[in-house]
Amino acid sequence: MSLTKNDYELAKKINFKSRKDAINTSIKSLKFNNKKELAIYLNNIVAKINTVEAHIEDEKHKLGAIKKQNSLQLKQELQTYKNSLQKNIVQQKLEQLQERQKTEIQLAKLTIFDVDELEQKLNELNIFFDSEKQKLESEISNSDEQNHVKQIKEKYSLELEQEYAIGKQNYLNKVRNLKEELLELKHQKSRMVVEYKSIKKNKIRLFRSEKKSANTEAKNAIRELKTRSIYINAFGDPVEDTNVNAAEVSTKFGIQFQEFYENLSVYFTYKFLGEYLRTDQFSSAENESFLKIETIYNIKDELLSTRDIDSVLSKSFESNGQTMLVRKLLKMSKIKSVIKMTISSLQIQSLEISHFRKNIINAIASKVGSIHYDLLYELQPSFDNELKKIEYAVRADHEEKIILKTIKTHLDQTQFSTANKDHVAINNEDFVRSFDQKLVDIKSEYNIEKTRIIKDYNLGNFSKSSRNNSLKLAKFNMRSQIKELKLSNPEKQYSATLSYFKLELNREIKKENKVMFSKIDDAQRRIPTKCVKGHKWYALAASILLPGLGQILNKQYIKGFLLLIVTGFIAGLVMPIVFGAITFKGEGIFGLFHLSPEINVDGDIFYLDARFRIIEAVVSWLLLLISVAIYIFIARDSYYTGLARENGSRPKNSRDLRTYMTNQGLPLLLSTPAFFIILLVVVTPLITTIMLGFTNYGRGNLPPGNSLDWVGWKNFKAIFTGGYAESFGYVSSWTLIWTTTITIGILILGSTLAIIIDNPRIKGKALFSTVFILPWAVPAFATILFFSSAFDNGGLINKFLGTTTNYKLSTNWTKSILIMIQLWLGHSYMFLLMLGVKKSISSDFYEAASIDGASKFMQTLKITAPIILAQIAPLLIGQIVFNFNNYGIIWMFNDGGPQPLKVYMGSPGSTDIIISLIFKLSTSGTNNRVALASAFTMFVSVFVVGVSAIGFLRTKSFREGGQ
Amino acid sequence: MSTITLKEQFNSFIKKINPISGMYGRAFKMDLSPAIDESINNILNKLKYQISRQEFKAVEDVLNKNDKRDFLTLFAQKSMKDNGKDLGILISLKLATVSTILPIKNHSLLAKMRLAIPLLESVAVEELYEVSQSKAQELFQIFNDYSIDADVKNWFGDDTQKIDAIRLLFWSRLNRLTKFYSSFIDEEYKDLFVQVAKYQCLFNETTAYINNPKKSKTIVNVIEYDKLSSRITEIINNLVRVGEKYDIKWMGEYITHISETSERIRLADLPPLTKTGMISMGVSYLLILFWSFVILFPLIAMILNSFDGTRVNRLGESPSVNLPFYIHYKQLFSNTQFNSWLKNSLFVALWTMLIVVLGTTTLAYSFSRFKFRGKKSSIMTIMLLQMVPSIAALTAFLIMFQIANVKISTFLIIIYSGGALTGNTFILKGYFDSIPVDLDEAAKIDGSSNIKTFVKILIPLARPMIALVALWSFIGPFGDVILPNLLSDKTSESIKHLTMAAGLRTLVVSESTGGSVFQYEYLAGAVITSIPITIMFILAQKFLVSGLTSGAVK
């Protein structure tokens, strides 16, 4: 068997792979060994450093101890001195003196009987003792006790300082030594590290070069193989010749190719200097493009060397002689224009390069059959530069344009104002003089017109509506004339023109900005980017690790930053709530698993409130779902952006983000707050109610204080069996009567009134229709509560009719009054609706019918009724649902009363409808069965939503909404 | 002066409330010059004191009813050359000819005419006397001539014998008069003037016949109608011919003036009512008046009772005190928590309105103008969520309120706005859908961004609907009793935190049996609350219909 192409390739590949593996393992082992050695060494050094540091610490302690001892001695000595102070002795003396004084005075009192004498004696004694006292006190104050203390202190401090200085000196010496040692060790360490790194680097470089060479070898081999395959394709399969050398093949075809390939890369690295160019291997067209590049380079050099453009430009501008501002602007523009021109030449050149590159690639492609990946890879480094060049050129161009436009506007403005100022001033005086007169003229003209119209009307020449219209027209004409007059003020016109210049400039600048950004974006789209292979996986991994990081890896910095903030918010606030770290009387998502955990306080058992735990769990689960969705979205986004980058497209920048956010992304941005409100207010309570339907929440174990448990479908079973089934059945019949009577009643009432009012002959339509919507316009609670109190026993109605019926105790009375009140309240809505629908019916139908001889009654029956019914059918369903749910009036009027003779479970009143019974069960204190009520609510809701959905599916807004 | 304007105002008011006025307009094109009217009025004023009341009334009636369109006087006015003496001649012509018109429709007028004719004739002669004495004498002789003219006999040939004598007499007098007065007018019109007189006679007969063919006592009974009408057309044709011949500008107008069959033209589009139509109109008016009474009676009773100063607690109790009529309003402000209820309600209502308007406009805009994945399903979801009965959430609201530990009003804002968001979004979305997308696109082509288009184009166009949504979300919190009542624990401190409706309910219903109630204070509060809300509602009525039908109706 001959060696096929595939075998050959496989063998080469295996060879290459094994070599690569060997190199990799050796690199790994090297890394490992070196690391180990270094680690041991470093550990030793660190240990040494630690010991040195411990020494330093010891010395510190010693020094501290010396200091402490000295201060203690000082204190003791001071204490002993203080004890032996003179102050104490003097005090003792003073005390003795006082005792002596007392005894002597007593003695004097006992011995001397003459009063005067005694007084004298006492005075003498006092004077004597006082003098003695003063003596003693002066002694205390004069004593040099404090000097003593000072001396002692000085003495001690001298000693102390000396001793301390010595200790400190010792300490410092020791520490210095130790520190030197430490520094040396650290140096050693860093040296080691550097050495290790250099070794590692060298070795790795060595291995890497080896790897590279192996790689290139492998590549060459593959290329050889390819040339061979081309050869095979071109010249057929060499069947017998098994020893066909690839080199031989390449001599025929491949050498040319290979050399061209090498030269090409060299060529690009040397920036297109055609030194190594071998012109004989290219076609004439390619040659031309090479030559072009050379000439472009020459032109660029020339451009950069000349300074003539500046002078030429400045001369041309100065000849006009403009203001300082303009000159400054001109200066800037000159510089910019020079830059711009050079840049634009560069741009042209880069475009030429890209064109040339395309040519080459096409040439290769035509030879090889497909573009080789490596070739493109070689070419890539120039892409980014090219993009930068284009961007720079565009920006420079943009700035120059804006400056030129500013100058132009300024010139126009000054020109305009110099030309018109005097003219305006003269004209304005004239205008002001004549303005009032003109205004008066216009107004008087209007008044004349008005009187004429009114006179004509009074004569009966035309109808009222045409009078109103002509009056309106006259007024409008007058206003427009006045406006025109005001606008014809020359000063105003002048200033308006001036401000128009500014406006125009702003608009132009805005337009230029747009053009610039669109050009840059266009270039970004056109020029491919490069990135690491497998980038998408890195981005994905980064985003999984930290949502938002992947976007930053994808060079979407602003987006990444925003997403990081979102991540921070979720991780910092939402996740703690979800997992129960931050709680409001619950336990996060885990609250559902232990509805009422018991807690033991001083031997008493309490239960945590299950309701709070359920509701918090519901919110937590919703938040968790949203967070996970956001997490997945971020990861997905970073993956797809990475993929796109791998395919060569640039990542979307902040401008793209802004465009997205103001276009397709706008609904997302706009509806998020509303979405959250709906989630909190509508969805959460609904789910909570569903949850409560599966618990045993009700009388007997009402939280807080009692435990709740999951009871499964028990509540649902209780609805259909047992006592509650009976009471629900009792309530249902009245519900049916209530709903149908009201709906049909208001339909008849409303449509009758609407048809009467719609008759063109009826006068005072506005007045009557205002009266007819009053029951709807006046808040319902006001009227219902008024009726309720008016029908009280001994209330207004009995008083008015002169009867003594107790309406609220009679079932039939209450029922009929309720129906009448609701008809009174509800017919306005239907009336207004019918009126609107009736007006919308084209009068052509009626005309056609009357031509065919249909009577008014037939017209109503065959035209009005079917059209109205078809149109309001969905709203009628809405009315049915509304009346079914309308427990407010029943509750407000008589709270469902009166009570029937038979007592049912849950004690429904005889006018209670289903919903009001549920309301009673879930809110009343004595009959509280919340769980049962929740289960029943669910059951009823399914029915109600089903009925309403039928109506809704027929509506226009739904059917159009989905398109 | 003031009495006259008052009278005019009263007349215009009567005209306004009259259902038939405004349907008719004046048919006549031309008028006598005001000077003639004025001098005739002066003459009448003078006459007033010279003759008896009965006579004066007769003169007035004859002048008012007989000659409304002034066939001859108008013609003379237009065709006279001599302007200086016009007035006297014209007045005498008018007064003279009035007495020669036979009142066919109204025979009772004949009696009055017998009284009025001598007076009118004498005045006519007097007026002419001032112009020329000889002519006046001539006129006097004509008035005294009661013979039948030969010309008149020739009008219908042999058929003339069938015509009654009175008619012939009247016609003859008229004929003679016109011949006499034609001496004052221009040469070219003289012949026509006589013909117009004839036309007047024939025209009166035909119109009377047309108006009531069966009962009228016209000459159609003896002479065929076609003959009469052909004579009339003959005269009209003559008028036209002469008008064209001498290029008389007023002739066309004059012909239309004299050929109108009735003095008023029907302006309304609707056909005149039939008898059954009249009855059904009457029934309709009765029905709507009755229903207005049914609606207004309780409301007025509410207002009146709130001003009852003689009763204290319960509606309908017997009067016990004599306090001023405003006492309940005074006590409402001083003795109840009405102020804080009002403050709470306003706070809740304003915040709810703000949130709902912001939320619904943005949501409706998103749903109306953008295409995105899951749009239809999200519309469906929100719509279905909205349909779930509100009772389903009550227990959960109570629990949430206990957890949140906030004021009742704050909690109510969140609940109300969340509830209103879902429903109103779709009404507004429907309205946005009805605004053509072309407008947006035009704006976008002109360089407007999405947000700018939304703010500058869609929101102004949808302003009535947005106003309606705002109004509803504002009114809602004022009327809700159930939720605030459920959230409050009925202590006096928590009653202070209630909103209006629930707060006012505490005045009507005592929580403990036998507790005192303040139903009159409640009525005062209800009236104060209802009036502004009702006015707002009625002002928004214009948009209500479009709001109801645009969003929901297919």
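Okay, quick one to start: is A:Lys902 buried, partly exposed or exposed? It's partly exposed, because its relative accessible area comes out at 45%. Keep in mind as I go that this is a predicted model.

So who does A:Lys902 talk to? A:Lys902 makes a salt bridge with A:Glu726, and the closest N and O atoms are 2.2 Å apart. That pair ties together distant parts of the chain, 176 residues apart: A:Glu726 sits in helix α20 of chain A, residues 723–758, while A:Lys902 is in the loop between α28 and α29. A:Glu726 has 40% relative accessibility, so we call it partly exposed as well.

Now a local pair. A:Arg507 and A:Glu504 form a salt bridge too, with closest N and O atoms 3.3 Å apart. Both are in helix α12 of chain A, three residues apart, or about one turn of the helix. An α-helix has 3.6 residues a turn, so residues three or four places apart point the same way. A:Arg507 counts as exposed because its relative accessibility is 53%, and A:Glu504 is partly exposed at 22%.

Over to chain B. B:Arg173 and B:Glu121 meet in a salt bridge at 2.2 Å, N to O. This one also links distant parts of its chain, helix α9 for B:Arg173 and helix α6 for B:Glu121, 52 residues apart. Here both partners are buried. There's a network as well: B:Asp145, B:Asp149, B:Asp151, B:Arg176 and B:Lys179 are joined by salt bridges that share partners. Over all chains, the search turns up 25 salt bridges.

On the side of chain A that touches chain B, you get 60 nonpolar residues, 29 polar and eleven charged.

As for the extent of that interface, 100 residues of chain A contact 106 of chain B. Together they bury about 9,200 Å², with 77% of it on carbon and sulfur atoms. A:Arg761, A:Phe781 and A:Phe786 supply 8% of the area chain A buries there, more than any other three residues.

Last stop, helix α5 of chain B, residues 86–98. Twelve of its 13 residues are buried, so the helix is largely enclosed by the rest of the structure. Among the buried ones are B:Asp86 and B:Lys94.

Terms used
Residues numbered from 1 in each chain as written. Chains lettered and ligands numbered in written order. Predicted model: local features only at pLDDT ≥ 70, side-chain atom pairs only at ≥ 80, totals over all residues. Heavy atoms only, no water. Contact = heavy atoms within 4.5 Å. Buried area = accessible area lost by both parts, 1.4 Å probe. Nonpolar A, V, L, I, M, F, W, Y, C, P; charged D, E, K, R; others polar. Buried < 20%, exposed > 50% of the residue type's maximum accessible area, 1.4 Å probe, protein only. Helix = DSSP H or I, 4+ residues; strand = E, 2+ residues; numbered from the N terminus. Salt bridge = Lys/Arg side-chain N within 4 Å of Asp/Glu carboxyl O.
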